[in-house]
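Biologist: Please take one part of this model and walk me through it closely. I would like the strands and how they pair.

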Amino acid sequence: MTITITAFERSPDRGRGLARDMRVRWALEEVGQPYEVRLVSFKAMREPAHLALQPFGQIPTYEEGDLALFESGAIVLHIAEHHPGLLPDDANARARAIAWLFAAVSTMEPVIVDRETARFQEGKESWYEERQTYVHGRIRKRLGELSARLGTAEWLDGNFSAGDLQMISVLLRLEGSPLLEEYPNLCAYIARGQARPAYKRAFEAQKAVFLAVSAGEGKFG
Ligand code: GTB
């Protein structure tokens, strides 16, 4: 059955791979499943056909036969549960890998995303800089805890898993930020993820969308 995911027609990140379709692409590449991508405009994301797939009008979505899914965490978990390569066989190790996937989206991601939301929505407010101090404090706390747990290990719990895939994807939202540079082991962890051939294939695929759109608009070549 064909797998179809959705992604931004024009990603605001200009091909940096920060939108959440990247996680789904990466997971599909890790397990060797071919997929198709339906690009959606911001207008189409608000229309009934897309809202039927994603009630919040967001990307990514995942369709396979009768199944339609939303939420990148649920999609990555579904892929990992149905194809070998992203979850250990041992039941306890499998449960722990899933716990890391949840930790990425429910413990790490909210504090990290708050930094961007504040910048876009509150950046002009007089209290913005002061609030960012608190936001950065909350991010540092979580990065410090994660860094302590990772220590010198290669991955969070044994072999690379869907938990690492999701965690690295979340940490990448801080790429280029001095906050991340305070934790060299987390930087090295991210770099290990980015060095995986599946990550590279996924990254190039999403970047090709940006390049094609830009070329169509006469900005390149
Ligand atoms: N919890 C959902 C999930 O994990 O799937 C969140 C999905 C989500 O936030 N999707 C975003 C979206 O569709 C795209 S990824 N936003 C449009 C909207 O809400 O109207 C978030 C994102 C957007 C842009 C950048 N960027 O430009 O760097 C990075 C990440």
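Modeller: Here is the sheet, strand by strand, and then the helix lying across part of it. This is a predicted model, where local features need pLDDT of at least 70, side-chain atom pairs count only at pLDDT 80 or more, and totals for chains, interfaces and linings use all residues. Residues are numbered from 1 along each chain as its sequence is written, and side-chain values use heavy atoms, with hydrogens and water left out.

Four strands make an open sheet, ordered β2-β1-β3-β4, with mixed pairing. Strands here are DSSP runs of E, at least two residues, and helices are runs of H or I, at least four residues, numbered from the N terminus. Two strands pair if DSSP finds at least two bridges between them. The edges are β2 (36-40) and β4, each with a single partner strand, so one side of each has no neighbour in the sheet. On average, neighbouring strands are turned by 20° against each other, direction ignored.

Now the hairpin. Strand β3 (residues 61-64) and strand β4 (residues 67-70) run antiparallel and are joined by four bridges. T61 stands opposite F70. E63 faces A68 in β4. Two residues lie between the strands, and G65 takes a positive phi near 60°.

Helix α3 (residues 72-82) lies across β3 and β4. Contact means heavy atoms within 4.5 Å. The helix runs at about 130° to β4. Axes are lines fitted to C-alpha atoms, for helices over the stretch in contact, and angles run from 0 to 180 degrees between N-to-C directions.
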